[in-house]
Amino acid sequence: MYRFLILLLVVGVAQADVTRKVKTTTRFMGESEGKSIAYYAGDRSADESTILWKSGLMKTMSGGKENQSVTITRLDKELIWTLNRKEKTYTEMTFAEFREKIKKGLAEMEESKEERDTTEVSEDMYEWTVEVQSDPAPKTISGWTCHNVKLAATGTHKENPQDKVWITFDQWNCPEVSGAQEMRDFQMRYLRALELDERALTPGLMQAVAAYEKQFKALIEEMKKAPGEPITSTIEIKRNEPVGPSVTDAARDGALGAVTSKLPFGKRREAKSEEARWEERVKFKATTELFEASAGAVDASKFEIPADYRKK
């Protein structure tokens, strides 16, 4: 649901017609690469996206094929249309329905937190330090002069100092991208309509904040020091975690030993006592790159449902 949320929220503009082309890579329950072309005109927007899952569960579910989607957002009608080009069909969702989906998703997330096993990673299990690492020097990226916002949070487990979590947010913004202010104005109107805050504008940030909300409190304030549209943005969460034989493996080995010891040729198989080792592993990563931005008239048909499409 949150990936869908992010795809919906990164589109929209208020006055000028604007086009944006963005590349996205994610690493969360698999690795994916995506591209998006977003068109904006007035209180209308359209996003044409492709995503290819390269590993993990989603690669299996998608059959390793590129998935295409088209989403049209109409502020004037408070409607969201999702088009299926292959089947020539579309679905319609009102802003009110979307708000309810968001509320339900957040409620389920809170409920799952309460039901979680205490052995899972919890933000409150760690002592945290947050460091601002923003580069004060400007940097030219794809022809845009950008300024940096970078925060690094380090969490050390209160009972086991080997267990650590590192969260890094690194973004380069440019205030001079054509149409940036119009797009920002639209996005804020859209967020208010959905009763969300501006964290939803950054791909990946909603997922990261869901797990480590307290560590992102300083982020919005720091971003005010480098205003503008994100040209590149990376969020990464790493953890130094124990790696080794699981409890399930140990139980299986013990059960097998108990059975074979009773056979005439059997010899009791002792459960393995191999100690777990510690490894740094990337648990989540999302990177976006704006590689093309332009201002100019956009074909009005981009924001309408084709006449030969049927509603599902």
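The sulfur of Cys-146 lies 5.2 Å from the closest cysteine sulfur, that of Cys-174, which is too far for a bond. A disulfide is a pair of cysteine sulfur atoms within 2.5 Å, and the structure holds 0 disulfides. Cys-146 counts as buried because its relative accessibility is 0%; Cys-174 is buried too, with a relative accessible area of 0%. Here buried means under 20% relative accessible area, exposed over 50%, and partly exposed in between (1.4 Å probe, protein chains only).

This is a predicted model, in which local features need pLDDT of at least 70 and side-chain atom pairs count only at pLDDT 80 or more, while totals for chains, interfaces and linings use all residues. Residues are numbered from 1 along each chain as its sequence is written, and side-chain values use heavy atoms, with hydrogens and water left out.

His-147 lies in strand 9 (residues 144-157). Helices (H or I, at least four residues) and strands (E, at least two) are DSSP runs, numbered from the N terminus. His-147 counts as partly exposed because its relative accessibility is 35%. Beyond its neighbours within four places in sequence, His-147 is in contact (heavy atoms within 4.5 Å) with Pro-138, Gln-171, Trp-172, Asn-173 and Ala-226.

Helix 4 covers residues 180-194. Its buried residues are Ala-180, Met-183, Phe-186, Gln-187, Tyr-190, Leu-191, Ala-193 and Leu-194. They lie on the same side of helix 4 because they cover an arc of only 155° around the axis, taken from the directions from the helix axis to the C-beta atoms. On the other side of helix 4, Gln-181 and Arg-192 are exposed. Glu-195, which follows helix 4, has a positive phi, near 60°.

Key: Expected span 1.5 Å × (residues − 1).
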